[in-house]
Amino acid sequence: MRSGGAAYYSGCDQQPHFLDSCFLCRKPLGKNSDIYMYRGDTPFCSQECRQEQIEMDESSEKRLKLSSSSSSSKRSNAVRQNKDSTKESDTKKAVRRGTVAVA
């Protein structure tokens, strides 16, 4: 580990640790400063950065839910229309009672 500055390096490979900078604004996280975490492993320099990420995640999740619900409603409408057309075609067939139809 280096002396001075914020350095959370994990050995000799010298790759930056995930706690080196804020996930949103990329501001370096100090050794003696608070780190605000979100979803387990996402660090932020302030509550404001963390809250902004939370709001972005919530809005994207809402968009996904809306798009999936609209596509599922389109699918259910198509199924309903298919059932309706099947019922119409079934009622137009003439079938005599007491006969057996073998296909």
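**The core and its rings**

Modeller: Buried means under 20% relative accessible area, exposed over 50%, and partly exposed in between, with a 1.4 Å probe and protein chains only. This is a predicted model, where local features need pLDDT of at least 70 and side-chain atom pairs count only at pLDDT 80 or more, while totals for chains, interfaces and linings use all residues. Residues are numbered from 1 along each chain as its sequence is written, and side-chain values use heavy atoms, with hydrogens and water left out.

Colleague: Okay, which elements does the protein have, from the N terminus on?

Modeller: They run β-β-α, so that's one helix and two strands, taken as DSSP runs (helices H or I, at least four residues; strands E, at least two) and numbered from the N terminus.

Colleague: And how many aromatic pairs does the structure hold?

Modeller: Two. The Phe23 and Phe44 rings have centres 6.0 Å apart and planes at 75°, so that pair is edge-to-face. Phe23 is in the segment before β1 (36–38) and Phe44 in strand β2, so the pair ties together parts 21 residues apart in sequence. In the other pair, Tyr38 and Phe44, the centres are 6.4 Å apart and the planes at 55°, so that one is tilted. Rings of Phe, Tyr and Trp (its six-membered ring) pair if their centres lie within 6.5 Å; planes under 30 degrees apart are stacked, over 60 edge-to-face, and the rest tilted.

Colleague: Is Phe44 buried or exposed?

Modeller: Buried, because its relative accessibility is 0%. Tyr38 is buried too, at 13%, whereas Phe23 is partly exposed at 39%.

Colleague: What sits over the ring of Phe23?

Modeller: The charged end of Arg26, 5.6 Å from the ring centre. To count, NZ of Lys or CZ of Arg must be within 6 Å of the ring centre and within 35 degrees of the ring normal.

Colleague: Switching topic: where is Ser46?

Modeller: Ser46 is in the loop between β2 (42–44) and α1 (47–91). Ser46 is buried, with a relative accessible area of 16%. A polar atom of the Ser46 side chain lies 3.1 Å from the backbone nitrogen of Cys49.

Terms used:
A polar contact is a pair of N or O atoms within 3.5 Å; within protein, one must be able to donate a hydrogen and the other to accept it, and residues adjacent in sequence count only if both atoms are side-chain atoms.
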